[in-house]
Amino acid sequence: MALPAPFDRLRLPLIGSPLFIVSGPELVIAQCKAGIVGSFPALNARPQTLLDEWLHQITEELAKHNREHPDRPAAPYAVNQIVHKSNDRVMADMATCEKWQVPMVITSLGAREEIFQAVRNWGGITMHDVINNRFAKKAIEKGADGLIPVAAGAGGHAGALSPFALMQEIREWFDGLVALSGSIANGYSILAAQAMRADFAYAGSAFIATKEANADQGYKEGIVGGDASGIVYTNLFTGVHGNYLRSSIEKAGLDPDNLPESDPSKMNFGSGGNTKAKAWKDIWGSGQGVGAVKSVGSVEDMVARFEREYHAAKDELAGKTVHKAWNS
């Protein structure tokens, strides 16, 4: 579908996904200035009053960029809300988002009509994380504007379904906004997401290995040195299944191949489940696409690489199409 303003001015059809602890104003501002949607979890701003300061900073810096660079305005930003009973500050965070008229709100772990309606009332867009078609239908029924299918291979909390299967089932009935998540770490995968009829690609793990990311240097190096075989899928650390760097699990003194199951009813995003190691702080989330990340650099450098690869993929596809037609 045609992207609504201001999302129709992106350099690439890409949303930088919200990364717990890692995403802050510096990363979001850099992503938006580079021409893609930047986002962060509201819970990263601690205490809650800090959220107001962050949104003020983001709004002012992007407005300044737009005044100075009218020929290449910044992309809009998004705030992620964890809509789960364990999050007792969600309504306070929503009030702050309303104050700053946040352009996009990404909701996770719960679909609530009043959240979707509130964002719509101030003119924003809501996108909801889903791991299967059933949850997708529930979210749209409750009023979400768009969906983020979190397919197999996505970093952090993720589903287990193939992106091909998930996109096919969703597009059978839904023609609204979709951002596909799952191993997006280069320009080729961004075009592939569009080929599967997604409006956006949704990438997170690659941006951990940037100078602007609020991540431990060891974490950034783990992303650069990682590949798909070094990713472990488990629900031990938060009660929700997710993908994590094997090296961080081993460093915590655990056996990645023999992890126990956690109790989903005791979901806790700051704990380490049945371990002393804390999710996100000691156990590092990562998607399976990190093999495409070869060094730590700036956000601008990474987006520029994505852009080159995206257009190269288009050119290669066009060349193969012409070649096939010539041989037919």
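Reader: What makes the 50 residues a nonpolar core, and which members touch the most others?

Author: In this predicted model, the set qualifies because its members are buried nonpolar residues joined through side-chain atoms within 4.5 Å. Leu14 and Phe207 touch the most other members of this core of 50 residues. Helix α11 (residues 299-327) supplies the largest share, six residues.

Reader: Which residues is Phe207 in contact with, leaving aside neighbours within four places in sequence?

Author: Contact requires heavy atoms within 4.5 Å. Among the residues that Phe207 contacts are Leu14, Leu27, Ile36, Val299, Met302, Val303 and Phe306. A separate, second core has 23 residues, including Ala45, Leu62, Cys97 and Val102.

Reader: How do you know that β1 and β9 pair, and in which sense?

Author: Pairing needs at least two bridges. β1 and β9 (residues 200-203) have three bridges, in the parallel sense, so they count as paired. Leu14 stands opposite Ala201 in β9.

Reader: Why are β1 and β2 called edge strands?

Author: The open sheet has eight strands in the order β1-β9-β8-β6-β5-β4-β3-β2, with parallel pairing. β1 (14-16) and β2 (38-41) each pair on one side only, and this makes them the edge strands. On average, neighbouring strands of the sheet are turned by 25° against each other, direction ignored.

Reader: What is the pLDDT of the protein, and where is it below 50?

Author: The average is 92, and 93% of the residues score at least 70. Residues 269-274 fall below 50, although this stretch has 24 contacts in the model beyond near neighbours in sequence. Where pLDDT is low, the predicted coordinates should not be read in detail.

Key. Residues numbered from 1 in each chain as written. Predicted model: local features only at pLDDT ≥ 70, side-chain atom pairs only at ≥ 80, totals over all residues. Heavy atoms only, no water. Helix = DSSP H or I, 4+ residues; strand = E, 2+ residues; numbered from the N terminus. Axes fitted to C-alpha atoms, helices over the stretch in contact; angles between N-to-C directions. pLDDT = per-residue confidence, 0-100. Buried < 20%, exposed > 50% of the residue type's maximum accessible area, 1.4 Å probe, protein only.
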